[in-house]
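Subject: Handover of a structure

Dear colleague,

I am passing a structure on to you, and below it you will find an account of what came out of going through it. Please read the account with the structure open beside you.

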Amino acid sequence: MKKIGFLSFGHWSKHPAYSTRTASDTLLQSIDLAVAAEEIGLDGAYFRVHHFAAQLASPFPLLSAIGAKTNKIEIGTGVIDMRYENPLYMVEDAGAADLISEGRLQLGISRGSPEQVIDGWRYFGYAPAEGENDADMGRRKALEFLDKLKGIGFAQPNPYPMFPNPPGLLRLEPYSEGLRERIWWGAASNATAVWAAENGMYLQSSTLKYDENGKPFHVQQAEQIRLYKEAWKKAGHQRAPRVSVSRSIFALVNDQDRYFFGQEADRADKIGMIEQDKRAIFGRSYAAEPDQLIKELAEDEAILEADTLLLTIPNTLGVDYNVHVLSSILEHVAPGLGWR
């Protein structure tokens, strides 16, 4: 058995072929897709966060709306760039969204990736401390976020408050018990995967990672996951670790599928520079008839190592087509791989 969810980047544009022409289209269709995904038996609805782009950004209003309209599906992010965040305000937002969903939030965070503008976090009022770079700042904010999610009082109460205070130091409200244990870290390297395990975060590994040894993408990702699991065990956490991987997978079951994705059938891993000094490897897409897809996916070592698979979706093609894409995987592919 494997948990299967979708991951949406939430694009919109006035392109004539798009079903998402505006931000409103994308937000409302994201809610509808999450509701439909729950109805067909999908396990998770996840959303990417990008700033200064025609894509989904601030995630908590969307996650709260989905939480209010669904009952079972996990809802989350993949990932929130912590360089842009106020950790304390984020604790309040995340706590509210988790309470609305009755404990279904699975929040993916990271130190961030290249963005649309230079040092975009500076426009949000943030800068690295002396001796830090922006990645250090992101990880520092992540640790503060994790600490405040514990719900331990830290703020000195006003002796003359507007409303009566409970005794002792005050914590942030609303507090959602258990959310601290449902935070995921998006790791692009083996070292940060180990760091995530040491700090008690689940692991999100996407369709790219730093190229650390020249091996195929899925092999490197599987090695990253095994290092994470070893570090988790060594850290002595009392709960089981969780790992998600993202993939672009399309079962070609009709002419429309072949028109949209048939040309992706022969894609291979790609090498590129995600940052000026960082060589990255990008995993291939999968698009084939279901029987062939089952054979190819059975050889993906990282999928085998993960307990959760996030299917990246073409959100611009609309809710109905994306429900078809997800249903095709559930009906024609997942059973053949033992995922269902």
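P174 lies in the loop between α4 (134–148) and β6 (183–186), where helices (H or I, at least four residues) and strands (E, at least two) are DSSP runs, numbered from the N terminus. The peptide bond that joins E173 and P174 is cis, with omega about 0 degrees.

Before going on, please note that this is a predicted model, in which local features need pLDDT of at least 70 and side-chain atom pairs count only at pLDDT 80 or more, while totals for chains, interfaces and linings use all residues. Residues are numbered from 1 along each chain as its sequence is written, and side-chain values use heavy atoms, with hydrogens and water left out.

Another cis peptide bond joins G78 and V79, with omega about 10 degrees, and V79 is in the loop between β3 (74–77) and β4 (80–81). Two residues other than glycine have a positive phi: F52, near 60 degrees, and D119, near 50 degrees. F52 is placed in the loop between β2 (44–47) and α2 (60–69), and D119 in the loop between β5 (105–110) and α4. F52 is partly exposed, because its relative accessible area is 43%; buried means under 20% relative accessible area, exposed over 50%, and partly exposed in between (1.4 Å probe, protein chains only). D119 is likewise partly exposed, at 33%. As background, most residues other than glycine have a negative phi, and most peptide bonds are trans.

Leaving out residues up to four places away in sequence, F145 touches M82, P87, M90, V91, A94, L107, I109 and I183, a contact being heavy atoms within 4.5 Å.

For the chain as a whole, there are ten helices and 14 strands, and buried residues make up 50% of the 340 residues. Among contacts between residues at least 6 apart in sequence, 72% join residues at least 24 apart.

With kind regards
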